[in-house]
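The following exercises ask the reader to examine a protein structure step by step.

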Amino acid sequence: MTPLRLTVAGSSSSIPRIGRACSAYLVEDGGFRFTLDFGTGAFANMRQYADYHELDAVVISHMHADHFLDLIPLRYAMKYGAHRRETRLPLWTPPGGEAMLRMMTGAFASEGDDDFLAPFDVHEFDPAKPLPLGDGTLRFAATTHYIDAYAIRYQRNGTSLTYSADTAPDQRVVDLARETNLFLCEATLLAGAIEGGGVRGHSSAAEAAQMAADAGCERLVLTHYGENATPRDLDESARPIFGGAIVVADDHAVLTVAT
Ligand SMILES: [Zn+2]
Ligand SMILES: [Zn+2]
């Protein structure tokens with residue numbers, strides 16, 4: 001049986017770093033494979049690990065383009081690609097996500113489709129309720145971001161990973177990530193950077209490290225960074241704050257959460 005494993009298909013923040021995609025992560029647990037987000041450019045990477053006909057579900061943290069835009073090429077693959085799926089692909093969006101997707105994909109209706117999203121089985125998750133997925137369970141926590149966004153924890157028995165989605169430092173995210181084995185946390189801001197206008201929606205690597213420390217996480221994986229920061233910058237600002245293992249995500253990194 002495959003151990004719980006996380007593969008990074010896209011580690012960039014909203015502007016993709018050269019040769020890198022935006023947010024998308026493949027989670028494999030046993031024979032079940034799902035993605036957390038499906039951002040700009042990530043489909044090409046994702047296909048190397050789980051192709052469109054092999055995915056069991058897609059879960060979207062929030063409706064920013066860098067977290068869902070490659071659902072469009074994914075849909076083309078499922079409709080026109082060489083491999084046929086037996087069933088529609090379950091797609092879980094935040095509340096309001098389906099209407100937003102339908103509004104956007106309505107622009108492609110000229111090709112005569114009644115329903116552009118037909119290859120997906122679209123659902124909206126209820127952030128207040130646990131969601132069984134594969135052999136495990138998803139739990140959600142609202143984050144501090146510019147639009148509604150949800151951190152997501154996947155757990156099976158005593159093993160878990162928690163994904164921050166996009167967030168400024170937030171106690172709700174810390175609570176969700178409590179003693180998780182792997183905390184995948186955004187580190188968008190440069191150390192000391194202050195977001196414009198005083199409205200917070202992202203974290204620095206130091207702030208990500210503080211959340212990981214407060215939550216008692218086993219391992220911190222920093223992600224969602226731009227071209228102004230090197231992996232070394234991120235590592236150096238997180239290390240004095242978080243005493244556990246730290247990894248800076250890059251596309252194609254494969255991390256075993258627990259065996
Ligand atoms: Zn983002
Ligand atoms: Zn966002």
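The exercises below concern a predicted model, and each is followed by a worked solution.

**Exercise 1. The zinc ion (ligand 1)**

Identify the protein donors of the zinc ion (ligand 1) and determine why their arrangement is irregular.

*Solution.* 

Step 1. The donors are D66 (OD), H67 (NE2), D166 (OD) and H224 (NE2), and they lie 2.1 to 2.2 Å from the zinc ion (ligand 1).

Step 2. Along the chain, these donors follow the spacing D-H-x98-D-x57-H.

Step 3. The angles that the four donor atoms subtend run from 90 to 163°. Four donors count as tetrahedral if all angles lie between 85 and 135 degrees. The arrangement around the zinc ion (ligand 1) is irregular because of its angles of 90 to 163°.

Step 4. D66 belongs to helix α2 (residues 65-68), whereas H224 belongs to the loop between β12 (219-223) and α7 (231-238), so the pair ties together parts that are 158 residues apart in sequence.

Step 5. For burial, the cut-off is under 20% relative accessible area. D66 counts as buried at 7%, and H224 is buried at 3%.

**Exercise 2. The zinc ion (ligand 2)**

State which residues coordinate the zinc ion (ligand 2), and find which residue coordinates both zinc ions.

*Solution.* 

Step 1. H62 (NE2), H64 (ND1), H145 (NE2) and D166 (OD) coordinate the zinc ion (ligand 2) at 2.1 to 2.4 Å.

Step 2. The spacing of these donor residues in sequence is H-x1-H-x80-H-x20-D.

Step 3. The four donor atoms form angles of 91 to 164°, and the site is irregular.

Step 4. The zinc ion (ligand 2) is 3.5 Å from the zinc ion (ligand 1), and D166 coordinates both.

Step 5. H145 is in the loop between β8 (136-142) and β9 (150-156), and D166 is in the loop between β10 (159-163) and α5; the pair therefore ties together parts that are 21 residues apart in sequence.

Step 6. H145 has a relative accessibility of 11% and counts as buried. D166 is buried as well, with a relative accessible area of 1%.

**Exercise 3. The surroundings of T35**

Is T35 buried or exposed, and which backbone oxygen does its side chain reach?

*Solution.* 

Step 1. T35 is located in strand β3 (residues 32-36).

Step 2. With a relative accessibility of 0%, T35 counts as buried.

Step 3. The side chain of T35 reaches the backbone oxygen of D37 at 3.0 Å.

Step 4. Leaving aside residues up to four places away in sequence, T35 touches Y25, L26, M46, L55, A57, V58 and V59.

**Exercise 4. Salt bridges**

State how many salt bridges the whole structure has, and find which residues form salt bridges with R102.

*Solution.* 

Step 1. A search of the whole structure finds 14 salt bridges. Side chains of opposite charge can pair when their charged atoms come close.

Step 2. E98 forms a salt bridge with R102, and the closest N and O atoms are 3.0 Å apart. Both residues lie in helix α4, four residues apart, which is about one turn of the helix.

Step 3. D115 also forms a salt bridge with R102, with the closest N and O atoms 2.9 Å apart. This pair links distant parts of the chain, since D115 is in the loop between α4 and β6 and R102 is in helix α4, 13 residues apart.

Step 4. D115 counts as partly exposed at 30% relative accessibility. E98 is partly exposed at 22%, and R102 is partly exposed at 36%.

Step 5. Another salt bridge joins D51 to R47, the closest N and O atoms being 2.7 Å apart. Here D51 counts as buried at 10%, whereas R47 is partly exposed at 40%.

Technical notes: Residues are numbered from 1 along each chain as its sequence is written. Chains are lettered from A and ligands numbered from 1 in the order in which they are written. This is a predicted model: local features need pLDDT of at least 70, side-chain atom pairs count only at pLDDT 80 or more; totals for chains, interfaces and linings use all residues. Side-chain values use heavy atoms; hydrogens and water are left out. Donors are N, O and S atoms within 2.8 Å of the metal (3.2 Å for Na, K and Ca); water is not among the atoms, so sites may look incomplete. Four donors count as tetrahedral if all angles lie between 85 and 135 degrees; four count as square planar and six as octahedral if opposite donors are over 155 degrees apart and all others between 65 and 115; anything else is irregular. Helices (H or I, at least four residues) and strands (E, at least two) are DSSP runs, numbered from the N terminus. Buried means under 20% relative accessible area, exposed over 50%, partly exposed in between (1.4 Å probe, protein chains only). A polar contact is a pair of N or O atoms within 3.5 Å; within protein, one must be able to donate a hydrogen and the other to accept it, and residues adjacent in sequence count only if both atoms are side-chain atoms. Contact means heavy atoms within 4.5 Å. A salt bridge is a side-chain nitrogen of Lys or Arg within 4 Å of a carboxyl oxygen of Asp or Glu.
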